[in-house]
Amino acid sequence: LGVPDDYASTYLTPVLRSFAGRYKGVEIDLTCEQSTSLIPKIARGELDLALVSRDKPQRGRFLFQEPLVWVGAAQHEVWRRDPLPLAVYEAGSMARSAALPALTARRRPYRIVYHSSSLIGQLAAVESGLAVAVTTRCSVPAHLQILQNLPAEFDLPALVPMEVALLRSKASARSAAVDAMYEQMLRTLSGGGGREPVG
């Protein structure tokens with residue numbers, strides 16, 4: 001089973017809790033990586049299932065939309081700096097690909113000061129006052145600030161939400177355990193896993 005870091009605790013925990021109670025004999029091997037890494041692993045049959053931000057319309061079974069938000073630390077107010085210091089994921093990540101063109105279109109100068117493939121790395125950069133970052137709303141800790149309704153001169157562009165989908169490998173077609181996990185994920189997460197759908 002594959003899942004990005006930012007979806008793991010919010011969305012995977014209720015799935016695993018329900019699944020584990022009914023299928024005690026199933027061993028789960030969890031891979032936490034970016035969606036851009038998980039999608040090819042599903043295609044190659046290296047993973048049975050993956051919860052991903054989909055990169056193409058119609059890929060996988062659509063579950064819900066997850067907002068992308070700008071995040072900062074209120075005590076540092078780095079969004080007031082010019083150019084805007086950014087913490088970003090690695091090249092090719094969907095969050096990075098959404099944020100940089102949005103800033104360019106808004107004519108907001110920016111400078112990448114930190115990049116990391118992990119969510120924890122992004123949040124560390126924000127917490128320490130190095131930068132602002134773009135993350136999924138579900139992954140924003142309570143002590144950080146979602147940057148909205150800023151003064152006009154510091155306003156940051158709205159971002160298109162991620163489409164979260166469930167992928168299944170062709171190689172897993174005859175597995176009863178994968179069937180059961182797939183159905184559990186659909187039941188638990190369709191419509192946002194108990195969260196309000198966006199859009």
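Two strands count as paired if DSSP finds at least two bridges between them. With that in mind, here are some close-up views of this predicted model.

**View 1. Strands S6 and S7 lie side by side in parallel.** Strand S6, residues 84-88, pairs with S7 in the parallel sense, and five bridges link them. To find your place in this view, look for Ala-87, whose bridge partner in S7 is Tyr-114. Helix H3 (residues 94-106) packs on the sheet here, where it touches strand S5 (68-72), S6, S7 and strand S8 (132-136). The direction of H3 makes about 160 degrees with that of S7.

**View 2. An open sheet is built from five strands.** Reading across the sheet, the order is S7-S6-S8-S5-S9, and the pairing is mixed. The edges are formed by strand S7 (110-115) and strand S9 (145-146), each of which pairs on one side only.

**View 3. Strand S5 sits between S8 and S9 in the order of the sheet.** Towards S8, the pairing of S5 is antiparallel, with four bridges; here Trp-70 stands opposite Val-134 of S8. Towards S9, S5 again runs antiparallel, joined by two bridges, and Gly-72 has Gln-145 of S9 as its bridge partner. Because five of the five residues of S5 are buried, this strand is largely enclosed by the rest of the structure. Follow the side chains and you will see Leu-68, Trp-70 and Gly-72 pointing one way, with Val-69 and Val-71 pointing the other way.

**View 4. Helix H4 has buried residues covered by several elements.** In helix H4 (residues 119-127), the buried residues are Leu-119, Gly-121, Gln-122, Leu-123, Ala-125 and Val-126. Their cover includes helix H1 along with the strands S5, S6, S7 and S8. After H4 comes Gly-129, a residue worth a glance for its positive phi, near 85 degrees.

**View 5. Strand S3 is covered on both faces.** Five of the five residues of strand S3 (residues 49-53) are buried, so S3 is largely enclosed by the rest of the structure. One side carries Leu-49, Leu-51 and Ser-53, while Ala-50 and Val-52 are on the other. S3 runs antiparallel to strand S10 (residues 162-168), and five bridges join the two. A handy landmark is Leu-49, which has Arg-168 in S10 as its bridge partner.

View 6. Leaving aside residues up to four places away in sequence, Leu-16 touches Leu-1, Ile-28 and Met-181. Leu-16 and Met-181 are 165 residues apart along the chain, yet their C-alpha atoms are separated by 8.7 Å. Leu-16 counts as partly exposed because its relative accessible area is 26%, which lies between the cut-offs of 20% for buried and 50% for exposed.

**View 7. A nonpolar patch on the surface includes Ile-28.** Ile-28 itself is found in the loop between helix H1 (5-22) and strand S2 (31-32). At 37% relative accessibility, Ile-28 is partly exposed. You have already met Ile-28 in the previous view, as one of the residues that Leu-16 touches.

Notes: Residues are numbered from 1 along each chain as its sequence is written. This is a predicted model: local features need pLDDT of at least 70, side-chain atom pairs count only at pLDDT 80 or more; totals for chains, interfaces and linings use all residues. Side-chain values use heavy atoms; hydrogens and water are left out. Patches are made of residues with over 30% relative accessible area and no salt bridge: like charges are joined within 9 Å, nonpolar side chains (Val, Leu, Ile, Met, Phe, Trp, Tyr) within 5 Å. Accessible areas come from the Shrake-Rupley method with a 1.4 Å probe; for residues, only the protein chains shown count as cover. A salt bridge is a side-chain nitrogen of Lys or Arg within 4 Å of a carboxyl oxygen of Asp or Glu. Buried means under 20% relative accessible area, exposed over 50%, partly exposed in between (1.4 Å probe, protein chains only). Contact means heavy atoms within 4.5 Å. Axes are lines fitted to C-alpha atoms, for helices over the stretch in contact, and angles run from 0 to 180 degrees between N-to-C directions.
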